[in-house]
Amino acid sequence: MDSHQDRRAGILAAAWGIVQEHGIAGISFRRTAQRAGVSLGLVQHYFSSKEDLVRASAEAMIDAATLWHLSGDMSPRTAIRRVITHGIPTNDASLRGVGAWLSYVAAGVSDTEIAKVLTRAKRGQEDEAARLITLWRPDVDATTTARQLIAVADGLALRVLVADLSTDAAYDAIDLALKKHLDY
């Protein structure tokens, strides 16, 4: 039998998939239960409201991205590029993931709890990038450089998402920025 954590994770994965395909407006307890293959009552058992489900799915997405980033044994140099560029879509799955992230960003404008979750995520990305930059180039203002590189990558991700720029062109641009800022 599935554990409590597995059932909850399955529900969150279902909710995240709905956000990827239909945006946050597409989430309902009923649709989430159907997609997760569980009862409506089980979804209601774990989440008191749609807002609670949306917030928890945003946190789960961020946790998954954090685990992905921490996977693998990389040099600081390689890890810098990975943490800076992880939001640039490289395939259909990451394109849907970036679309979901932006759905959460839009929701965060009016939902202070989602905004807090997203703020922690972006600050975590910036802190990790700054830590890695310090390891690679201790002579550089790591926090400012991390902030600038993440801003460039975020803008490039938007352009890839709306098919205004290819993934290769986005990576060429970020590699040029890394070279300029870090002699990468």
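**Salt bridges, close up**

**View A. Arg55 is partly exposed, at 26% relative accessible area, and pairs up with Asp111.** "Buried" here is under 20% relative accessible area, "exposed" over 50%, and "partly exposed" in between (1.4 Å probe, protein chains only). This is a predicted model, so local features need pLDDT of at least 70 and side-chain atom pairs pLDDT 80 or more, while totals for chains, interfaces and linings use all residues. Residues count from 1 along each chain as its sequence is written, and side-chain values use heavy atoms, with hydrogens and water left out. Asp111 and Arg55 form a salt bridge (Lys or Arg side-chain nitrogen within 4 Å of an Asp or Glu carboxyl oxygen), with their closest N and O atoms 3.0 Å apart. Asp111 sits in the loop between α6 (92-108) and α7 (112-136), and Arg55 in helix α4 (residues 50-70), so this link joins distant parts of the chain, 56 residues apart. Asp111 itself is buried, at 13%.

**View B. Glu59 and Arg120 make a salt bridge at 3.7 Å, N to O.** Glu59 belongs to helix α4 and Arg120 to helix α7, so the pair ties together parts 61 residues apart in sequence. Helices are DSSP runs of H or I, at least four residues, numbered from the N terminus. On accessibility, Glu59 comes out partly exposed at 35%, while Arg120 is exposed at 52%.

**View C. Asp154 meets Lys122 in a salt bridge, 3.0 Å from N to O.** Asp154 is partly exposed at 33%, and Lys122 is partly exposed at 26%. For context, the whole structure holds 10 salt bridges.

Definitions and conventions: Helix = DSSP H or I, 4+ residues; strand = E, 2+ residues; numbered from the N terminus.
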